[in-house]
Amino acid sequence: MQLRDEFWDTAPHYGGRKEIWDALRAAAEADLSLAQAIVDSAGVIVQSADLTICYDERGAKYELPKYVLSEPTNLIREG
């Protein structure tokens, strides 16, 4: 979770527009049908099926690491 928060806090500094980064974060944290609606309404062009590479309408590239898109499966749960 800490890596995800750090990525989203610094993502706008990688370039692109903040509102697109916000839409990508909302889509990454939503269920599939809502995520599709968010991406469509923001005008995001999805290059890869897993949202790791996207573009906005102006052609700016947005790269998302896999750890912000899915829950880790290789961790031991405490408790």
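The following questions and answers concern a predicted model.

Q: What makes Arg-4, Phe-7 and Trp-8 of helix H1 count as buried?
A: A residue is called buried when its relative accessible area is under 20%. Arg-4, Phe-7 and Trp-8, in H1 (residues 2–10), are in this class.

Q: What covers the buried residues of H1?
A: The cover includes helix H2 (18–28) and strand E3 (61–63).

Q: Why are E1 and E3 called edge strands?
A: The open sheet has 3 strands in the order E1-E2-E3, with antiparallel pairing. Strand E1 (45–46) and E3 each pair on one side only, and they are the edge strands.

Q: How do you know that strand E2 and E3 pair?
A: Pairing requires at least two bridges between two strands. E2 (residues 53–55) and E3 have 3 bridges, in the antiparallel sense, so they count as paired. Within E3, Tyr-62 is the bridge partner of Cys-54.

Q: Which residues have the most contacts inside the largest nonpolar core?
A: In this core of 18 residues, they are Phe-7, Trp-8, Trp-21, Leu-24, Leu-51 and Leu-64. H2 supplies the largest share of the core, 6 residues.

Q: What makes Trp-8 and Leu-64 contacts of Leu-24?
A: Contact means heavy atoms within 4.5 Å. Beyond its neighbours within four places in sequence, Leu-24 has contacts that include Trp-8, Leu-51 and Leu-64.

Conventions
Residues are numbered from 1 along each chain as its sequence is written. This is a predicted model: local features need pLDDT of at least 70, side-chain atom pairs count only at pLDDT 80 or more; totals for chains, interfaces and linings use all residues. Side-chain values use heavy atoms; hydrogens and water are left out. Buried means under 20% relative accessible area, exposed over 50%, partly exposed in between (1.4 Å probe, protein chains only). Helices (H or I, at least four residues) and strands (E, at least two) are DSSP runs, numbered from the N terminus. A nonpolar core is a set of buried Ala, Val, Leu, Ile, Met, Phe, Trp, Tyr and Cys residues joined through side-chain atoms within 4.5 Å.
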